[in-house]
Amino acid sequence: MLTINGKTLRVPIIQGGMGIGVSLGNLAGHVMKEGGMGVISAAQPGYREPDFFTNTFHANLRALKAEIAKARAISQGQGLLGVNLMVAGERYDEYATAIADMDIDVIISGAGLPLELPKFAENKPVALAPIVSSAKAAYLLCKRWFSRYARYPDFIVIEGPLAGGHLGFSWDELKAKTTQSLQEIFTEVKVVLKDLGLNIPLVPAGGIYTGSDIAEFINEGASAVQMATRFIATEECDAHPAFKAQFIAANESDIDLVISPSGYPGRAIINPHVQALRQGRIAPIRCVKCLKPCIPATTPYCITEALIQSVSGNVDHGLVFTGVNGYRITSIVKVHDLINELVTEMELSLS
Ligand SMILES: Cc1cc2nc3c(=O)[nH]c(=O)nc-3n(C[C@H](O)[C@H](O)[C@H](O)COP(=O)(O)O)c2cc1C
């Protein structure tokens, strides 16, 4: 079981952060209310603020605080609350410093290795959790955090090749399906941490879909799992209903890799936007300087624009990220019922 600052998760499920705007206060709060960990994405949460395009940083922080307050109110004191912050994002240091002071339990940080994250949370009670996709990354991060900041991660999310959003593997490896599996990476991380004499809670992610999937990892020593795609198909998910409907309509063959201005491959539903991209560049019309690696003059498309379009319901002109299992979704359910189903299945598989 995962315990953070003395609070133990009753349900060993972390709802993965989903940007832009897919996991905000409503989804996170309802997951918390059921005893899990809700995670709000810090990727442009202020996209609906009137000054988003002129005053992006402040609009995002203002919206994030409001979403955190909303999640706390919905949760009725249950569960834990995290914020997901992408290392590849611009002004990472300033966002991390501001978020570390907010009313949350943990910062979860990936899309790059958060080697300096502890610097921004020094002397603050917030827990810190990196997302890694290899044992080598876990090793490097633990060594660095201890030597520079005398601390270790409070838990580590291990994200495998079947996840949604940006992926920490090369395009060629993913296409050829030659990456290590989540199970293999998880086993290697356990060995590396044991060699270092560390007992850090581990949270696998990517392609975990059923309660028996959860049980498999809990049996192998995971403290919890992180799941994202399944939470999109809930009434409480913060995305537009048209975004959720894409999942019900999708077949297995509709899900594939897409290029991203982040430099990492992404996984998405192949919709008219992705098809248009495959024909050529979609030049950006405005820029909020969202990702460090993006060069607006040459970027294949604007990812902030594409994600805002999709989450707002204009799905044909936007990017719909998904894990490999997105096509298995057949209906929109309540978070309460989803978590009940998962926990019941998990308990049956554990016994
Ligand atoms: C729509 C969508 C958006 C995502 N956005 C982010 C993000 O902003 N930051 C991040 O670290 N991970 C992001 N992810 C990854 C998830 O947090 C999660 O780790 C992963 O999708 C787990 O795999 P699953 O979807 O198969 O459960 C996203 C995933 C999806 C499906």
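Student: What does the domain assignment give for the protein chain?
Tutor: The assignment gives two entries: domain 1 (3-234 + 332-350) and domain 2 (243-324). Keep in mind that this is a predicted model.

Student: How far apart are the centres of domain 1 and domain 2?
Tutor: The centres are separated by 22 Å, taken over C-alpha atoms.

Student: And how many residues does each domain put into the contact?
Tutor: Domain 1 puts in 29 residues. Domain 2 puts in 24 residues.

Student: Which elements supply the domain 1 side?
Tutor: Strand E9 (165-166), helix H5 (171-176) and helix H8 (229-232) each supply at least two residues of the side that touches domain 2. H5 gives the most, with 3 residues.

Student: What's the class make-up on that side of domain 1?
Tutor: It has 15 nonpolar, 12 polar and 2 charged residues.

Student: Switching to the ligand. Which residues come nearest?
Tutor: There are 29 residues around the ligand. Gly16, Gly19, Gly164, Gly165 and Gly323 come nearest.

Student: Where does the shell draw its residues from, in domain terms?
Tutor: From domain 1 (3-234 + 332-350) and domain 2 (243-324), with at least three residues from each.

Student: Which strands supply at least two residues of that shell?
Tutor: Strand E5 (80-86) and strand E11 (225-227) each do.

Student: How do the shell residues divide by class?
Tutor: Around the ligand, 13 are nonpolar, 15 are polar and 1 is charged.

Notes
Residues are numbered from 1 along each chain as its sequence is written. This is a predicted model: local features need pLDDT of at least 70, side-chain atom pairs count only at pLDDT 80 or more; totals for chains, interfaces and linings use all residues. A residue is near a molecule or strand if its C-beta atom, placed from the backbone, lies within 6 Å of it. Helices (H or I, at least four residues) and strands (E, at least two) are DSSP runs, numbered from the N terminus. Ala, Val, Leu, Ile, Met, Phe, Trp, Tyr, Cys and Pro count as nonpolar, Asp, Glu, Lys and Arg as charged, and the others, Gly among them, as polar. Domain bounds come from an automatic or database domain assignment. Two residues are in contact if their C-beta atoms, placed from the backbone, lie within 7 Å.
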